[in-house]
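I opened this notebook page to look up aromatic pairs, surface patches and pockets, and I keep the entries in the order in which I looked.

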Amino acid sequence: EDPNQLIQVSDALRRDVLEEAQRTADVFRQLPPQLHVDATVFPTIETIEYTLPSHLDAIRVLAASGQWALVRDRTDKQVQRLEFLSSQLVKDVARKVEAQRTQAAANITLITHRIVLTAILTGFVTLFTAVFFGWATALRIIELQMEASAERKQAEQSLRQAQAELTRANRMSSMGELTASLADRKSVV
């Protein structure tokens, strides 16, 4: 029941609560626009900012007049009200933060599932593309081998024909030489 001590405590309380309320409001104003702030946050902060000084002033007046029973009664009622407002604000913010955290976790899970699905689909598309091009390449190689085999067989056949003609030509030439040689021998004889 010391008025001077009450004034010191109330001044410190006023300063601390008002600074904290201002910091809290600044933090909420700096949140990204995607985060929706509960509509009751700023009015609650403003209520604390505006009602606290008037209650502290009333309590000082009661203390200066020595009415300590009224000081205690008013302090209890107002402190409980401000505690309730602060507590409610913290609960509301915690609930919103938890809801946003849950939504963010769900979004991360959804995105993770989409990434996995995209990776699997990309893998299958790549595999099927590789199989298709591998199959097409194998068919083309088989065609080229068959064409080369056919060309080789044709070349071998042409070579055999040329060898047969050469052999026949050699025989004809040999027969011509033999005939000429016999004709020369008959004419000499």
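Which helix holds F124 and F128, and how many residues apart are they? I find both in helix α3 (residues 68-188), four residues apart, which is about one turn of the helix; helices here are DSSP runs of H or I with at least four residues, numbered from the N terminus.

Before going further I note that this is a predicted model, in which local features need pLDDT of at least 70, side-chain atom pairs count only at pLDDT 80 or more, and totals for chains, interfaces and linings use all residues. Residues are numbered from 1 along each chain as its sequence is written, and side-chain values use heavy atoms, with hydrogens and water left out.

Entry on aromatic pairs. I looked up the pairs and found three in the structure, where rings of Phe, Tyr and Trp (its six-membered ring) pair if their centres lie within 6.5 Å, and planes under 30 degrees apart count as stacked, over 60 as edge-to-face and the rest as tilted. The pair F124 and F128 is stacked, because its ring centres are 6.2 Å apart and its planes stand at 20°. I then checked exposure (buried under 20% relative accessible area, exposed over 50%, partly exposed in between, with a 1.4 Å probe and protein chains only): F124 is partly exposed at 43%, while F128 counts as exposed at 55%.

For F132 and W135, I recorded ring centres 6.4 Å apart and planes at 45°, so this pair is tilted. F132 and W135 are three residues apart in helix α3, about one helical turn. F132 is partly exposed at 46%, and W135 is exposed at 53%. I also noted that F132 and W135 belong with F133 to one aromatic cluster.

Entry on the surface. F124 and F128 turn up again in a nonpolar patch with V116, I120, L127 and V131, which together have about 580 Å² of accessible area. Patch members have over 30% relative accessible area and no salt bridge, and nonpolar side chains are joined within 5 Å; a salt bridge is a side-chain nitrogen of Lys or Arg within 4 Å of a carboxyl oxygen of Asp or Glu. I placed L127 in helix α3 and found it partly exposed at 46%.

Entry on a pocket. I looked up the second largest pocket and read a volume of about 210 Å³. Its lining includes V17, F28, I45 and L89. Helices α1 (3-29), α2 (41-64) and α3 each supply at least two lining residues, and α1 gives the most, with five. A pocket is an open set of points on a 1 Å grid over the protein atoms alone, where a 1.4 Å probe fits, with protein on both sides within 12 Å along at least five of seven lines, and lining residues have an atom within 4 Å of a point.

Note on methods. Patches are made of residues with over 30% relative accessible area and no salt bridge: like charges are joined within 9 Å, nonpolar side chains (Val, Leu, Ile, Met, Phe, Trp, Tyr) within 5 Å. Accessible areas come from the Shrake-Rupley method with a 1.4 Å probe; for residues, only the protein chains shown count as cover. Grid points are joined across faces, edges and corners, and a volume is the space filled by probe spheres set on the points.
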